[in-house]
Amino acid sequence: MKKTVLLGIAVAAIAFVGSLILAGSVLWPADDLGPAPGKNVASNPADRIARGAYLAKAGDCMACHTPRGGAAYAGGRAIETPFGAIMSPNITSDREHGIGSWSRDDFWRALHNGKGKDGRLLYPAFPYTNYTHITRDDADALHAFFQTVPAVAKTNLPHRLRFPYNQQIALAAWRALYFRPSVWRDQGGQSIAWNRGAYLVNGLGHCSACHSSRNRLGATADGWSGGLIPVLGWYAPSLTSPAEAGLGNWDNARIVQLLKTGVAPGATVSGPMAEVVMASLQHLSDADLGAMAVYLKSLQTPAPAAKPAAALSPFAARAFEAQLKAGATLYDTHCIDCHQANGGGMAPAYPALAGNRALMMVQAVNPIRSVLHGGFAPATCDNARPYGMPAFGPLLNDDEVAAVVSYVRHAWGNLAPRVSAMEVNRQRSVPLD
Amino acid sequence: MRLMSLFPFFISCALALLSLLAAPAFAAPGALPDTLAQRLLACTSCHAAKEHREAFFPHIAGKPAGYLYNQLVNFREGRRQYPLMTYMVDHLPDAYLREIAQYFSQLPPATVPAQATTMSTTALARGRTLATLGDPAIDVPACIACHGQKLTGVAPAIPGLLGLPRDYINAQFGAWRNHVRRANAPDCMGLIANRLSNQDVAAVSSWLATQPMPLDARPAAASAAPLPIRCGGMTDGGN
């Protein structure tokens with residue numbers, strides 16, 4: 001009897017330990033070592049550093065790792081997420097506070113496996129789900145560059161995450177579900193340019209961080225379906241749909257122009273994309289931007305069939321008509337000088353509104369915010385003194401903004417759902433900075 | 001290092017500009033004015049005197065260029081906090097901000113009417129004392145000691161104080177005291193704001209807002225006497 005009990009306990013214990021080991025191997029899989037350092041590593045150190053500096057621009061490392069007005073790469077910018085704020089760390093060459101003491105292998109492990117030097121799992125606000133695609137050579141070049149960034153002795157701030165998101169085990173489970181380390185592999189049957197573009201867009205560019213929808217656990221979906229950017233509240237349009245920002249019908253030169261200068265016929269970047277152009281894309285070579293254009297064009301899918309608009313009740317139809325009429329009057333007062341009576345705009349300063357896809361997306365937050373906050377196109381080397389749009393938020397009330405946005409979504413053959421004053425009001429309280 | 005790494009970028013910028021110069025102008029003549037007035041409509045829609053809604057937006061025309069430039073940079077770098085202003089200048093480089101500051105400094109100053117006040121005469125008298133004589137007991141110099149005898153500012157970097165809405169002045173003192181408006185060290189106005197009581201701030205802001213602007217409201221060319229306090233904002237370009 002006693003023997004049976006002991007045996008039972010032993011079996012249970014073995015099963016328990018076994019399941020722990022199994023769970024551990026699922027939740028804490030061994031690092032993927034990736035490819036061995038290539039021959040480029042031996043190349044001239046100055047070239048490697050310059051290449052790393054360029055790649056740091058392509059990855060826009062500065063945007064997260066430098067707070068407003070702070071020292072370059074010294075960290076401390078709060079990355080707000082639905083789970084709390086992640087505080088970006090110091091990645092200057094400071095040996096104590098930064099990554100000055102990190103070896104190439106340590107740096108590679110962060111980029112490729114999403115782990116810190118001490119082995120802790122990193123939060124994917126650091127987009128290692130993208131950076132895992134970076135080649136070892138590029139990672140080593142980045143490492144060489146960051147070792148030259150002037151040291152700043154600034155202590156890292158603790159993240160401000162809510163329970164349970166602040167637990168490593170939660171992160172381990174998230175990674176088991178959504179993260180597989182793998183370097184980008186060129187796809188046969190595609191051109192060199194396509195593969196280069198895919199590497200940049202999926203890897204360093206981490207475009208999917210905004211241009212894909214995210215699930216409840218913050219993981220990006222496959223594909224480029226677009227989505228509301230959490231907390232920032234801007235809508236990052238789909239990169240596949242011709243009704244949004246799909247680029248299949250754009251020629252390469254126009255795509256390169258938009259990415260390099262922030263303005264192109266029929267489009268001006270705004271919101272977070274202005275920051276991306278300013279801090280990252282304008283610094284890339286024409287060859288790399290051209291490669292990105294080739295890849296982005298290939299993402300386009302056929303336009304979704306337009307849904308017939310639901311018939312309005314007579315009351316709603318009258319209200320809508322009145323709103324459009326009010327919007328037309330406001331347009332004539334405030335918008336017409338720059339955007340013109342025919343909605344044709346004045347290139348390159350004022351984008352055409354007639355046929356402008358950015359106005360007509362079902363999700364209307366971007367045009368509402370453009371009217372409320374105005375703003376400048378990003379200053380770039382080809383557009384160093386951009387024209388600006390006034391902020392109409394202090395001038396127009398919610399009904400008026402809704403009217404003028406609804407109007408431009410319906411004038412000149414444009415067609416998109418109307419906008420309500422409530423939708424406008426919601427945007428007034430979204431933080432701008 | 002940062003400058004060095006940007007060097008190739010400047011060269012490519014210069015080359016791109018040269019190629020633009022060589023290209024024939026494509027815009028139809030007269031279609032789009034290539035003027036700062038046109039480029040900066042985003043600024044004037046709030047800051048033009050005739051558009052003084054809410055009486056909160058300060059006038060900027062004719063203010064010293066160094067002062068305006070410092071403020072634009074301070075908004076961009078988070079040393080001043082007004083989200084809409086930060087949003088406006090976020091993606092604009094120093095060179096353009098300098099040009100913007102220069103442009104507005106050269107416009108004739110707005111003539112903004114003085115505000116009425118409900119403050120007591122005692123409070124207004126205290127405000128005038130602070131503005132014209134200061135208060136050595138609390139180590140506060142007179143406003144006129146730095147901002148000019150006529151309070152219309154001093155080139156290149158000290159702003160005039162007349163024609164500003166009282167609420168705007170109050171808000172700035174609040175921001176200095178809470179360290180959300182900062183200048184490069186030594187932050188003279190931050191120090192002064194923390195030496196004044198709430199009553200003193202209300203007194204001086206009310207008195208200033210009730211003063212009519214002189215006909216010539218341009219800033220003085222230079223200070224008549226050495227400044228009584230050191231100011232980081234005076235070292236233009238030290239941002």
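These legends accompany close-up views of a predicted model.

**View 1. Where chain B meets chain A.** Let's start at the interface: 30 residues of chain B are in contact with 32 residues of chain A. On the chain B side, five helices each supply at least two residues: H1 (2–22), H2 (36–39), H3 (41–47), H5 (83–89) and H6 (94–106). H1(B) gives the most, with six residues. Sorted by class, the side of chain B that touches chain A has 17 nonpolar, seven polar and six charged residues.

**View 2. The largest nonpolar core.** Here you are looking into a core of 118 residues. The members that touch the most others are A:Met292, A:Ile368, A:Val404, A:Val405 and B:Leu72. Take A:Ile368 as a landmark: leaving aside residues up to four places away in sequence, A:Ile368 touches A:Val401, A:Val405, A:Val419, A:Glu423, A:Val424 and A:Gln427.

**View 3. A sheet in chain A.** Three strands make an open sheet with the order S1-S2-S3 and antiparallel pairing. Strands S1 (78–81) and S3 (160–161) stand at the edges, each with a single partner strand, so one side of each has no neighbour in the sheet.

**View 4. The pairing of S1(A) with S2(A).** S1(A) and strand S2 (residues 84–87) of chain A run antiparallel and are joined by four bridges.

Terms used:
Residues are numbered from 1 along each chain as its sequence is written. Chains are lettered from A and ligands numbered from 1 in the order in which they are written. This is a predicted model: local features need pLDDT of at least 70, side-chain atom pairs count only at pLDDT 80 or more; totals for chains, interfaces and linings use all residues. Two residues are in contact if their C-beta atoms, placed from the backbone, lie within 7 Å. Ala, Val, Leu, Ile, Met, Phe, Trp, Tyr, Cys and Pro count as nonpolar, Asp, Glu, Lys and Arg as charged, and the others, Gly among them, as polar. A nonpolar core is a set of buried Ala, Val, Leu, Ile, Met, Phe, Trp, Tyr and Cys residues joined through C-beta atoms within 7 Å. A residue is buried if 20 or more other C-beta atoms lie within 10 Å of its own, exposed if 12 or fewer, and partly exposed in between; C-beta atoms are placed from the backbone. Two strands pair if DSSP finds at least two bridges between them.
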